[in-house]
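Subject: Structure handover

Hello,

Here is the structure for you to look at. My notes follow below it.

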Amino acid sequence: MGKIPSVVASYLKLPDVACYTGHCLRRSSATLLADAGVDITTIKRHAGWKSTTVAEGYVENSIENKTKIAN
């Protein structure tokens with residue numbers, strides 16, 4: 001994956017492009033998929049994780065998801 005995340009961050013004109021890593025992309029994609037209602041099995045397949053616990057660890061609760069749950 002190497003420099004791809006920082007190249008994408010640069011293209012998007014994000015600050016501190018050197019801070020973006022493959023790990024960031026994995027966490028972001030897992031969170032976006034979960035927020036869109038994708039089930040954990042599909043997220044695991046997407047990212048190549050065998051463990052549900054590991055997959056769930058990558059999913060962050062976004063502000064949108066927290067608001068949706070609260071409502």
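A residue counts as buried when its relative accessible area is under 20%, and as exposed when that area is over 50%; partly exposed lies in between. The model is predicted. By that rule, 20% of the 71 residues in the protein chain are buried.

Overall picture

The protein chain has 5 helices and 0 strands. Read from the N terminus, the order is α-α-α-α-α. The C-alpha trace spans about 35 × 30 × 15 Å along its principal axes. The accessible surface of the protein chain is about 5300 Å². Carbon and sulfur atoms hold 60% of that surface.

On charge, the protein chain carries 9 positive and 6 negative charges. Their mean positions are 8 Å apart.

Around Y58

Which residues place a charge over the ring of Y58? R26 is one of them, lying over the face of Y58 at 5.6 Å from the ring centre. R27 is another: its charged end sits over the ring of Y58, 5.3 Å from the centre. For a charge to sit over a ring, CZ of Arg must be within 6 Å of the ring centre and within 35 degrees of the ring normal. As for ring pairs, the count comes to 1 aromatic pair.

The loop between helix 1 and helix 2

Helix 1 covers 4-11. Most residues other than glycine have a negative phi. Two residues in this loop are worth checking against that.

K13 lies in the loop between helix 1 and helix 2. Its phi is near 60°, a positive value in a residue other than glycine. Is K13 buried or exposed? The relative accessible area of K13 is 72%, so K13 is exposed.

D16 is in the loop between helix 1 and helix 2. D16 is not a glycine, yet its phi is positive, at about 50°. D16 counts as exposed because its relative accessible area is 57%, and the cut-off is over 50%.

The loop between helix 2 and helix 3

Helix 2 runs over 22-35 and helix 3 over 40-47. G37 is in the loop between them. With 62% relative accessibility, G37 is exposed. How far apart are G37 and D16 in space? C-alpha to C-alpha, the distance is 30 Å. In sequence, G37 and D16 are 21 residues apart.

Two helix residues

I4 belongs to helix 1. Its relative accessibility is 48%, so I4 counts as partly exposed. I4 and G22 are 18 residues apart in sequence. In space, their C-alpha atoms are 7.9 Å apart.

L25 belongs to helix 2. L25 is partly exposed because its relative accessible area is 34%. L25 and Y11 are 14 residues apart in sequence and 15 Å apart in space, C-alpha to C-alpha.

To recap the loops: K13 and D16 sit between helix 1 and helix 2, while G37 sits between helix 2 and helix 3. K13 is exposed, D16 is exposed, and G37 is exposed.

Best regards

Conventions: Residues numbered from 1 in each chain as written. Predicted model: local features only at pLDDT ≥ 70, side-chain atom pairs only at ≥ 80, totals over all residues. Heavy atoms only, no water. Helix = DSSP H or I, 4+ residues; strand = E, 2+ residues; numbered from the N terminus. Buried < 20%, exposed > 50% of the residue type's maximum accessible area, 1.4 Å probe, protein only. Areas by Shrake-Rupley, 256 points an atom, 1.4 Å probe, with all protein chains shown as cover. Lys, Arg positive; Asp, Glu negative; His and termini not counted. Charge placed at Lys NZ, Arg CZ, Asp CG, Glu CD. Phe/Tyr/Trp six-rings, centres within 6.5 Å; stacked < 30°, edge-to-face > 60°.
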